[in-house]
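Colleague: Hi, could you walk me through this one? I'd like to go over it with you bit by bit.

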Amino acid sequence: MEALTWTGNLAVLNPILGFAFIALLACTAATIIAGFFVTTGGAGNVATVARTPADVAAVALNWSLLAVVAVLAAYLVGGLLMPTPQARGIVGQISYQFMPVWIALAITFALSHLFRARLGLWGKLMGSTIGSIGAAIVLFWVFTAFFADMIVTHDPLAQLSGMKNKVPGTPLPAPEEGMFEWYLLGGDNLARDVFSRMVAGSWEVMQIAPIATLFAFMVGITLGVPAGFYGGMFDTILSFIANLILAFPVILLFYLLVTPEIVDTGLPSYLAAVLFVFPIIFLVVLFNSKFHTQPTQNSVILSVILIGGGVLYLSLINEEGGVLDFIPRWMDLFDVPGNILIVFVSVVFVNSPTVFRIVRGIVLDIKTRDYVAAAYTRGEGPWYTMLWEILPNARGPLIVDFCLRIGYTTILLGTLGFFGLGLEPESPDWGSTINDGRKLLSVYPHPALPPAFALMSLVLGLNLLADGLREESLKD
Amino acid sequence: MAIFILRRLGMMILTALCLTFIVFWLTNLYPNLEKLAKSEGNFRMSEEQVQSWLDKNGHGDPLLVKYGRWLGVAPGWVYEDEDGTVRGRCIAPGAAPEDSATYCGILQGYWGFSTVFKENVGTIIAERLSLTGKLMFWVMVLMVPSALLLGVLAGMREGSRLDRSLSTFSIASTATPEYVSGVIFIAVFAASASPLNQWLKENGLIEGRTLFKGTATSAMENATLENFLLPVLTIALYGMGYIARMTRASMAEVMTSQYIRTARLKGQSFGNIVVKHALRNALIAPFTVIMLQFPWLLNGVVIVETLFNYKGFGWTLVQAAGNNDIELLLGCSVVAVVVVLVTQLISDVGYVFLNPRIRVT
């Protein structure tokens with residue numbers, strides 16, 4: 001088997017890409033320099049003003065950017081159309097592997113555009129360029145995580161002999177029947193497929209980051225809303241504790257919580273037992289405050305939450321052979337691997353004080369509004385006012401912060417992986433893979449780069465999405 | 001004002017005591033002590049031997065007593081061996097017990113003894129901190145002016161093309177954590193296999209094999225552009241985006257204010273307005289942000305020093321935490337916590353000084 005080239009049959013496009021790229025760089029520089037000295041003319045204004053050099057540079061910038069994007073898109077689309085891996089090249093083949101993701105993305109965006117008017121904030125997001133680019137990048141990784149099993153070309157943990165540190169596109173020396181015959185992005189120092197590990201890593205991130213952020217929000221909201229609403233001693237103590245945790249350097253905290261010796265004492269498990277109660281408390285208070293005047297309905301809702309949530313909670317914290325092992329086997333629905341639970345807990349623990357402070361600040365602001373006073377006059381209880389009057393009105397900034405915080409959590413997970421804490425060393429998550437790759441970075445840079453770019457693009461997507469959401473929610 | 005600062009100082013000391021106590025508690029949990037006993041004594045110790053080793057070395061006492069000793073408010077432990085030699089926390093090996101102090105802790109300036117580096121913790125930390133100080137100094141020199149410049153340029157004409165491209169750049173830089181940008185920098189500029197370096201080499205533009213060095217170990221004695229730029233750039237880039245965005249927001253807000261309009265109406269040039277009128281007010285908010293960036297920079301320092309093998313404070317922290325070096329880890333956390341708290345204090349007090357609209361009662 002021959003090694004794959006980067007662009008396969010589409011190599012004819014390479015010089016075009018090169019020219020477009022140089023033009024893009026030149027135009028960017030020109031625009032920035034022109035931006036200092038020349039004011040822009042009135043392109044499109046009623047009064048016709050001659051175009052200044054700054055305008056010309058800007059138009060050229062747009063065109064060269066378009067050219068670069070078009071060529072890059074041609075590589076990706078070309079990959080889908082070409083018949084064989086050799087013709088597709090590495091880029092085309094990767095695009096081909098991502099076929100389920102492209103289809104899912106196309107369907108999502110088509111539907112979103114079709115029903116824009118009825119989709120609320122999401123529909124409005126489709127109207128902003130930054131926001132929809134962000135949403136596309138985030139959805140790309142979500143779908144990748146979802147279809148990871150279809151996308152990977154090899155088992156992310158399998159080590160194939162002769163593929164150690166091989167460069168991208170290297171063919172397997174002895175491929176078995178039905179096996180994909182190349183390592184698309186090369187092999188790492190244990191001869192595993194870099195591409196498959198990157199794809200499998202997205203699943204590791206997606207199963208922890210959003211849920212951990214959600215839990216952090218539950219904790220932060222459950223404590224922050226009453227702290228801001230009541231103030232007083234309760235607020236002082238909680239704020240002090242929150243500041244205490246925030247003053248800890250994150251890495252020191254991770255080292256203190258995640259080392260095997262501390263895990264032996266069961267500290268993370270107890271912490272999990274405390275932190276995971278909050279969602280149940282939150283839901284119970286939320287519905288009880290609304291439905292306590294209708295006892296039948298209330299008892300049905302509460303029993304569903306308490307029984308359902310309780311079983312989930314117990315199965316979550318109960319670990320066979322761990323420090324918390326007290327419920328009968330049949331009740332333990334699922335077992336979260338110990339490592340993931342610890343990582344999860346420490347990330348929630350680090351994030352919740354910040355959420356607490358944000359929520360508290362917003363509540364302090366909102367509680368002086370007239371509709372809160374109106375709810376009081378109506379005779380609503382304090383919890384109803386907090387959770388059904390104040391909280392829904394705080395959703396704008398909270399949604400924006402939620403997006404940013406998933407990104408931050410992703411960075412934290414990567415940090416944990418980078419220091420080899422928490423997840424098992426075999427794990428394909430991006431942080432651990434970067435950590436593996438960095439040891440031989442100056443000789444073999446290729447194993448560390450794909451996970452690094454993956455992590456960067458996901459966080460960038462989340463930040464752009466948050467930016468778009470902020471812009472759209474400010475328009476209201 | 002004085003009362004405000006005093007109250008903040010009191011709060012700060014309370015926080016520092018709480019935090020150090022938490023770290024002390026976590027590092028002195030039994031499994032950690034057991035590991036310490038086994039690594040200091042021998043690895044095949046039985047349960048009882050571990051216990052007796054701990055008792056002999058002052059680890060067997062209640063937690064609060066040990067914390068008091070470490071702090072220097074409780075007398076150090078003293079133990080008489082079977083052969084009659086007296087050892088103790090405050091007794092240096094070979095020194096007579098009578099000449100030694102009764103109290104020795106942080107307050108007396110004794111930080112403990114590192115089991116990994118076999119040296120006084122105080123000495124190690126002072127030496128490492130000066131190295132990290134050098135790194136931070138250059139990070140600040142690079143980061144603060146460029147972040148402010150980016151923010152001011154983007155914020156002076158909100159919504160312009162310059163604003164949009166600079167804002168995108170700042171978003172991208174906040175989305176790139178140090179371990180990602182560091183890895184990319186090394187792969188591009190410091191890997192012999194990278195196309196850039198091969199091209200430069202072929203054309204004889206560089207003498208060595210790479211443009212920059214992938215390790216900063218040599219920068220500890222002699223920092224040059226070649227071995228120090230990449231680590232400095234890596235830390236600066238991550239913090240830069242955030243400061244730039246804050247500066248931009250503050251600048252954009254100032255530019256819409258009444259007095260700027262007045263300045264425009266009386267015919268001032270745009271450059272004059274930005275430099276003479278807007279800048280001073282626009283830089284109040286970023287000051288707080290820059291100060292509050294220190295805790296984040298601390299994170300960056302740990303990552304970058306590990307990645308570039310620069311043996312400063314962050315590297316020491318990782319070594320201490322990874323090798324169960326309890327006293328060194330405690331020393332590191334004291335420094336980290338104090339840095340965070342002091343910068344918070346400076347940022348609060350400085351904000352009041354800079355912004356005449358804020359009054360403290």
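**A chat about the model**

Modeller: Let's begin with Asn309(B), which counts as partly exposed because it has 15 C-beta neighbours inside 10 Å. A residue is buried if 20 or more other C-beta atoms lie within 10 Å of its own, exposed if 12 or fewer, and partly exposed in between, with C-beta atoms placed from the backbone. This is a predicted model, where local features need pLDDT of at least 70 and side-chain atom pairs count only at pLDDT 80 or more, while totals for chains, interfaces and linings use all residues. Residues are numbered from 1 along each chain as its sequence is written, and chains are lettered from A and ligands numbered from 1 in the order in which they are written.

Colleague: Good. Where is Asn309(B) placed?

Modeller: In chain B, the loop between helix 13 (294-307) and helix 14 (313-322) holds Asn309(B). Helices (H or I, at least four residues) and strands (E, at least two) are DSSP runs, numbered from the N terminus. Asn309(B) has a positive phi, near 55°, in a residue other than glycine.

Colleague: And what about phi of Ala191(A)?

Modeller: Ala191(A) has a positive phi of about 65° although it is not a glycine. You will find Ala191(A) in the loop between strand 2 (182-183) and helix 8 of chain A. With 16 C-beta neighbours inside 10 Å, Ala191(A) counts as partly exposed.

Colleague: Switching to chain A as a whole: how many helices and strands are there?

Modeller: Chain A has 20 helices and two strands. Its C-alpha atoms fill a box of roughly 75 × 70 × 40 Å along the principal axes. Of the 476 residues in chain A, 43% are buried.

Colleague: How many residues of chain A are in contact with chain B?

Modeller: On the chain A side 40 residues are in contact with 42 residues of chain B. Two residues are in contact if their C-beta atoms, placed from the backbone, lie within 7 Å.

Colleague: Which helix of chain A supplies the largest share of that side?

Modeller: That is helix 20 of chain A, with nine residues. By class, the side of chain A that touches chain B has 27 nonpolar, nine polar and four charged residues. Here Ala, Val, Leu, Ile, Met, Phe, Trp, Tyr, Cys and Pro count as nonpolar, Asp, Glu, Lys and Arg as charged, and the others, Gly among them, as polar.

Colleague: Take Leu256(A): buried or exposed?

Modeller: Leu256(A) counts as buried because it has 22 C-beta neighbours inside 10 Å. Leu256(A) lies in helix 10 of chain A. Not counting residues up to four places away in sequence, Leu256(A) touches Ile262(A), Val23(B) and Leu26(B).

Colleague: What about the largest nonpolar core: how many residues does it have?

Modeller: The largest nonpolar core has 205 residues, and those with the most contacts inside it are Leu275(A), Val348(A), Leu462(A) and Val183(B). A nonpolar core is a set of buried Ala, Val, Leu, Ile, Met, Phe, Trp, Tyr and Cys residues joined through C-beta atoms within 7 Å. Helix 8 (residues 194-230) of chain A gives the most to this core, with 21 residues.

Colleague: Which residues is Val348(A) in contact with?

Modeller: Leaving aside neighbours within four places in sequence, Val348(A) is in contact with Ala212(A), Phe215(A), Ala216(A), Val219(A) and Leu275(A). There is also a second, separate core of six residues, which includes Cys27(A), Ala34(A), Ala58(A) and Leu61(A).

Colleague: Now some helix packing. At what angle do helix 5 and helix 15 of chain B pack?

Modeller: Helix 5 (residues 121-156) and helix 15 (residues 326-354) of chain B pack at an angle of about 45°, with their axes 10 Å apart. Therefore helix 5 of chain B is oblique to helix 15 of chain B. Angles under 35 degrees count as roughly parallel, over 145 as roughly antiparallel, 65 to 115 as roughly perpendicular and the rest as oblique. Axes are lines fitted to C-alpha atoms, for helices over the stretch in contact, and angles run from 0 to 180 degrees between N-to-C directions.

Colleague: Which residues of the two meet?

Modeller: From helix 5 of chain B, Val121(B), Ile124(B), Ile125(B) and Leu129(B) meet Glu327(B), Leu328(B), Gly331(B), Cys332(B) and Val335(B) in helix 15 of chain B. By class, the residues of this contact are seven nonpolar, one polar and one charged.
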